[in-house]
Structures are given as structure tokens and as C-alpha cells.
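Welcome! Please take a look at the structure below, and then read on for a short tour of some of its rings, helices and loops.

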Amino acid sequence: YFHLVFTLPHSLNGLIRQNRTALFKLLFDAATQTLLEFGAERLAAQLGITAVLHTWSQTLGDHYHLHAIATGGGVAAADPSRWVSTAPHYLFAVRALSRRFRGKYLAGLNALFTAGKLEFHGQLQATAPPAKFAAFLRHAAQPEWVVYAKRPFAGPEQVLAYLSRYTHRVALSPRRLLATDGQTVTFAYKDYAEDSRPKTMTLGTAEFVRRFALHVLPERFVKIRHYGLLGNRQKQARR
């Protein structure tokens, strides 16, 4: 099993905040379709994927990313009884994954815009005219998007241990809360820009609540989803 993380650029944060259900779903679709297509093209096989949505940074800011656990191979397209394995320590090139993922997500954004399914409020209203939105998409397409491949899991037990820790995690666990006096809240975080150095942050109560509320998912939104040979339809078909 391989562990990958698909991260959206911060230039999209404002738009995502106002269109969370549609753009969270698009994140799932773009990332998992990218992996499934690479499996079909490079292995002629169908991968299995479990994807988990995370929306926060260590300081409770917007940090939209999808953790994907993909099987190290898949069921052969030509012969469903045969398993096609990848190399033990390599799934796919992350730069190629990143560019396919970027293309899919931006194409999905454009389709939603064309269908009139995106909302623009406040300062974002300036982005609503078609020419402005096209410029917005071009700007988002300029940098490389981040797809990070972590070291592969040692086996199913390690996958289950990971999922049990992270699937139901919230933006801030109680152990990170250090103090509150009714006016401010102090919590611990790791500064990944400084080699995961432990630090503390103090916020006014209103700002702390505002940041925490950013990560309450839309009602009935499913944050853990399964695709490919791990999808419900595929599992039922193979019983």
C-alpha cells in the first residue's frame, strides 16, 4: 500500500470556503481519477483507493488536502483473476501525478463555473466575470501543485493503524489545548517550516472559534471514500 497526499494551492482557499461541498467533492474526484487512470495506463490494472479529506493546518488555517491510500498494484483489466504488482517502493512519478491532478481539478472548476454552480461573495465578487475567472484559473495553473508520496506501508496492519488514528481526527485535539482565560486560547502546534519545531499560538476567543469552525464539514458530507477495487460496487461484484 502506498500513501499519497494531494494538496490544493492556497490561491484557491477563498473560492473553496464559499463552495465547500462542490469543491471538496471535486478534490476527491480529481485525485482518485488521476490515480485510477495511471493504474489503467501504466499497469493495465484497476487500483484500490481509500481517500480521506483533511482541511486544516497546524494553526487551524485553510489547508485543503486529500490523503490517499492506494494498493501497490491492481486487478488486471484483461484477466480479473490476475494481480499486477508495482515495484515495492515506487508507485507513479509524483510530478506526472501532480500535473494530471492539476489539469483535472482546474477543468472541473471551469465546468462548475460554466454551469453556474459556483458562488462568489464579498471580495470574490470581483472574480465572477468570465474574463476575471479565466485569469484566476490561469494564475492557479502556473505553479506546480503538490502531490507527495510517503514511504509505502509495510502491510495491511500498518494501513489499519494509520486509518484508526487519522480518519476521525478533528482540526484540534484536546491534548493540544494548553490554556484559556475567557479572552484568549493558547494551543500547541508544530512549525513544519522549521523542521516540525514545537511552538505555541495564542488567539482571541472569537478568532479561535472562527478558525475551528472553518473545519466543520458540510452536513452529511462523507470524508472517507473508497474507489476502484475497494469501491462498494466492485466489492459486491467480486463476492
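F6, F101, Y105 and W145 come together in one aromatic cluster. This is a predicted model, in which local features need pLDDT of at least 70 and side-chain atom pairs count only at pLDDT 80 or more, while totals for chains, interfaces and linings use all residues. Residues are numbered from 1 along each chain as its sequence is written, and side-chain values use heavy atoms, with hydrogens and water left out.

Rings of Phe, Tyr and Trp (its six-membered ring) pair if their centres lie within 6.5 Å; planes under 30 degrees apart are stacked, over 60 edge-to-face, and the rest tilted. By that rule there are 14 aromatic pairs. One of them joins F120 and F133 edge-to-face, with 5.9 Å from centre to centre and 85 degrees between the planes. This pair links distant parts of the chain, 13 residues apart: F120 is in the loop between α3 (94–114) and α4 (130–141), and F133 is in helix α4. Helices here are DSSP runs (H or I, at least four residues), as are strands (E, at least two), numbered from the N terminus.

A charge sits over a ring if NZ of Lys or CZ of Arg is within 6 Å of the ring centre and within 35 degrees of the ring normal.

| Charged residue | Ring | Distance to ring centre |
|---|---|---|
| R225 | F28 | 4.5 Å |
| R225 | F221 | 4.6 Å |

Next, the helices. Helix α2 (residues 20–43) has 24 residues and spans 34 Å from first C-alpha to last, close to the expected 34 Å (1.5 Å times one less than its number of residues). α2 packs against α3 at about 135 degrees, their axes 9 Å apart (axes are lines fitted to C-alpha atoms, for helices over the stretch in contact, with angles from 0 to 180 degrees between N-to-C directions).

Finally, some backbone angles. Most residues other than glycine have a negative phi. Just after α2, however, A44 has a positive phi of about 55 degrees. L60, not a glycine, has a positive phi of about 70 degrees. L60 belongs to the loop between β3 (48–56) and β4 (62–70), and is buried at 0% relative accessible area. R220, also not a glycine, has a positive phi of about 70 degrees, but R220 is exposed at 79% relative accessibility.

Definitions and conventions
Buried < 20%, exposed > 50% of the residue type's maximum accessible area, 1.4 Å probe, protein only.
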